[in-house]
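Dear colleague,

Please find below the sequence and the structure that I am handing over to you. My findings follow directly after them.

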Amino acid sequence: MTSVEIPSAVDERIERVWADRPGLLGFFTTVDHKRIGIRYIVTSFIFFFIAGLLALVMRAQLAVPNGTVVGADAYNQLFTMHGTIMIFLFNTPVLAGFGNYLVPLMIGARDMAFPRLNAFSYWIFVGAGLFMSLSFVLGKAPNGGWFAYVPLTDKTFSPGINLDFWGLGVAFVGISTTVGAVNFIVTIFKLRAPGMTVNRIPILAWSYVAMGFMVLFAVPAITVSSALLEADRLFGTKFYVPDGGGSALLYQHLFWFWGHPEVYILFIPAVGMVTTMITTFSRRPQAGYVWSVGALMGIAFISFGVWVHHMFATGLPTTAMGFFSAASFVIAIPSAVLYMAWIGTMWGGKVRFTTPMLFALGFLIIFLIGGITGVMVASLPFDLQVTDTYFIVAHFHYVLNGAVVFPIFGALYYWLPKMSGRMLSERLGKWSFWTMLVGFNVTFGPMHVLGELGMPRRIYTYDAGLGWAALNMVISLGSLLFAAGTLMTVANIVWSRKHGALAGDDPWQADTLEWSTTSPPPDQNFTAVPVVESLHPLWFPGPVRLAIPADVDTAARTQGEVGALERTTPITSGLDSLPEFEVLVPTPSPLPVLAALGVTIFFIGMLISAAFVLAVGGLVVLGGITTWAWRTEMDHP
Amino acid sequence: MTADAVVAGQIAESAVLGPQARSRRVGWWGMVLLITTEAMIFAALLSSYFFVRANSNAWPQGGIAAPPLGRISVFTVLLLASSVPLFWGEIAIRRGEIRQLRLALAISFVLGLAFLLNQVNEFRTLGFSAKDNAYASLFIVITGLHGLHLIAGLLMSAVVQIKAGLGWFDADRHQTVLLFSMYWHFVDVVWIFVFSSLYLSTHLR
Amino acid sequence: MVEGVIPRGAHCRTPLTRRRTTSLIVAIVAIVGALSACSSASPSMLDGKSPQADRISDLWWLMFALAVAVYVTVIAFVIVAAMRRRRSPGPDTSSDSGVSLRGDLLDDRVDRRFLLYGGLLLPVIVLGIIAVQTVRVSDSLQAATARVHIDVDAKDWWWRISYPNDGVVTANEIHVPVGESVQIALRSDNVVHSLWVPQLNGKSDVIPGETNYMTFIAAQTGIFRGQCAEFCGIEHAKMAFIVIVQTRADFEAWLASSRTPGVAAQTAQQRQGAQLVATTSCAGCHTIIGTAAIGTVGPDLTHVGSRQTLASDSLPNTPDGMVRWLTATQQVKAGALMPQIDLTAAQVAAITAYLESLK
């Protein structure tokens, strides 16, 4: 249903209240969640294609035995950066970007709870991304593997600056993820539209709540694991040095305590996206909503109890490993519940095979394989054979590429029309999907077999006569196909800017609140904040309600034009979502980018061990944050 | 009754009941979550401490003596005591008594500063360096990180005291005070865990 | 009409038929791949030569069978669900919203059946079967108390093998007697490595500061390939080794001959080679018992002539292989800790002759 008709003079005034500053100043000072969300997505995809290119070079090297495309050191940098960029600079931020864009719209708010913090988290991501990319420019990219095990990565065995880019960079980017998580949780708890009670929160929003909590509990572990690594490297401490009384295994425990929840941190928002798209294109209310929310929380919780399954070969006591093996089996159950909810939704519905729906179906095909191989490697004895082999490479690409990237591509086709106002080409979209699907399976399917044939991971070459050559060639060819498929979507996006059909408010006849406003939405999202009465507000009971009429008191009026004119967004109570008061949405500010700049300077100081630079960075951060917090009582009465 | 009317009624009610009926501000929740994640940093470090200890024959390693309890216990009491004025200060400002708040903040600051100065002194007279062995690294980094958090708290306290000095708080608007005091209590609670793990537990035989 | 939106009522058979085809292709690739796992050229974990590897391989086939059954069944449901046109009350044309069914007429029971049976019951059963087998296989991996004890020290980027009870030291080859329980003690004084011989056992990491133990029984004689399976630095890819499984008699003979110092140099060229080895930088890193070479940085060369491979299975142990290793060390294995030594062709030939004679 379309948004409310308002006299255009008011429209113009509202627009001025919410507009960003013009030009470059506006670029650096915006706090608008939509602009920030789109930026996250664009920046992440740049990293996606960089990391993808690295992978294509790797596959060129491995296509034949004793390949000569790159040497050992170069290859080691390639696979380290491919993994590091894909996890830290693509998968995590792109999902943050979609969340940033969609969550306030979906819950009927005018922005996130902490818009300036939101901008800060983006600029930190940019800073950390540039910081790590600097290593390429200097030809000293990290080369210790994306998980950088000690003692290989300590100063003795990795004397160069390469690993410092990694150790510092990982802690650096973690700041972005952490404050982003805080923002998502508080936004979804406190900024929902009136009437959006706990049982009417869209599943995508729930997935960001689950993700947010997981981030808060998991990211500190990797912050500590890399901080201690850098302390050993830069200051000569002995945390991980066996000769100094330290423990090499400590690193693995800390790393994987974060590492395992991280993959679910990626998977869960992707699940939210898939559920949303399947619901829309099955044209019926979602099956098993409560079950699905429970399953998401179950996965989030159990994911903290399985990390040792990455360490099955390290010689830990069998009883302890048995516990982790069992927990790793159990986590398959909530995943199965989610899967069955998707089948149930389609079963009772009438599926429309649009491009986003195809990507969702592709996800179902691929994720089932990834989940099944996950159960297999949860079995301790089997894992002792396949861990650190191409079987594992296959497994995690099925779940991190197939089960996260396919939903992301589907989300592009689904939500880009809302963001840009133009549809993407269905024809090109379908070509892209099928190419990606076939290319993906031809690339990663045979890797399962290679692992069982004895091919370990992270080797820059292999001998002829081991029976691995044919499959490696097939895989390398498949990777080209997959890459071509992804590029088709890029072409599609470029094409649609000028030639895409106009989307209108709700091209998909979908059910969630973002489709009740224009495409793209106005800066304030909603002039009239909707009042929500069901889980599928645009389907039941029908048109979106108006906000409270203007003659009720201030708190109520802020949900209508008055609130839009005063640049506020309503705050509602936690569980039953009753309006309580309103907060001023901060105006555009240079403080987030300045504070992020300070943090960047600080990390550069650590990298080059320059105390002066460190101090400058620290002072900029301190100054920025103090200024930021200075006017709290004035701005947020 | 239409949904509109029901919601309108509830809004009107909350407006009538006034600010005390309002739940916590978003900033408060934000600080709670940030504190949660910071607490996990210390949890990870303390877990590392006990992990390395479990894998060691002697503890402390390398012949280092177990940390003496005398002075640190006294200053621990001072640090924990520094939280008490803040409780009083919060109640005061909720009644609009900004002068009492200023006094509370000042007392808390002095106590916290005393603890910090003692920590600086402890560091100088440790007798070992972080490079010596894993025990030394853990001890120095954990207490050092707590110290950094304390310094951040003192800086925050300074900012809050300046704002209080300028008269920027009243009964309804004092969010910075609440956020600061929550952070300060967090720093104290962390110290309880650090003290118990690094100091007390090494004397339990 | 907006291009992106398919008008209601239009059927889309093509995507589904193509999806079935894709699933079929995937299945065929998987089966072909699985069958090709029987290739005898590969050090395949499914080509087990020990009770340990066999049990794990059996567990794999059980899980694979369950996987195929689950996958085919679930995807069949996905396909049917996507193709289904609901038979319950027809489209609600009164509202102009996208949904075509009124909420109160939805049948919850079908949804709940999927969730209960597919989401809870099915996984619990399948996982239960796998879990039980996992525990049984896990327990059975404990081989009988070993009589043969071997120490393996993982180095950058080679394996030092020693038999402490027999006073034998070698490199990159592990000799074991067939049918007897062998225990390997794994140590590293540098970085984390992992010992893996797919045909004989699951892998075990080698972690500095710890000693890990691996016990297995080799059931057949033969030569089986192993490789380091934990990224350990620049030449991780070239840290392979072989396991030579022999009869008890042969094993004892090998131990006996390995205990003795190398055969003394006989021809003039070999004597020249021996002299070069003893007086140049070779002696600083390598040990040849009975000579001046007493270095321990690199592999023990006392019986290097009798080994099958060089440089951790990077080169065959032939005169040509040895020449290549000596003249192009850093080309064969860039980053190896053995530097490129400056030698004339004649010197290389002499050293090669000598080392090859050390049987």
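**Where chains A and C meet**

Chain C brings 94 residues to the contact and chain A brings 95 residues. Please bear in mind that this is a predicted model. On the side of chain C that touches chain A, at least two residues each come from helix H1 (13–36), H2, helix H3 (108–140), strand E6 (193–196) and strand E7 (204–206) of chain C. The most is given by H3(C), with 16 residues. Sorted by class, the side of chain C that touches chain A holds 54 nonpolar, 27 polar and 13 charged residues.

**A pair of helices**

Two packed helices are described by the angle between their axes and the distance between the axes. Helix H11 (residues 332–347) of chain A packs against helix H2 (residues 51–83) of chain C at an angle of about 30°, and their axes are 7 Å apart. Angles under 35 degrees count as roughly parallel, and H11(A) is therefore roughly parallel to H2(C).

**One residue of chain A**

A:Met455 lies in the loop between helix H15 (426–452) and helix H16 (469–499) of chain A. Is A:Met455 buried or exposed? A:Met455 counts as buried because it has 27 C-beta neighbours inside 10 Å. Beyond its neighbours within four places in sequence, A:Met455 is in contact with A:Thr389, A:Tyr390, A:Leu450, A:Tyr462 and A:Trp468.

With kind regards

Definitions and conventions: Residues numbered from 1 in each chain as written. Chains lettered and ligands numbered in written order. Predicted model: local features only at pLDDT ≥ 70, side-chain atom pairs only at ≥ 80, totals over all residues. Helix = DSSP H or I, 4+ residues; strand = E, 2+ residues; numbered from the N terminus. Buried ≥ 20, exposed ≤ 12 C-beta atoms within 10 Å, placed from the backbone. Contact = placed C-beta atoms within 7 Å. Axes fitted to C-alpha atoms, helices over the stretch in contact; angles between N-to-C directions. Parallel < 35°, antiparallel > 145°, perpendicular 65-115°, else oblique. Nonpolar A, V, L, I, M, F, W, Y, C, P; charged D, E, K, R; others polar.
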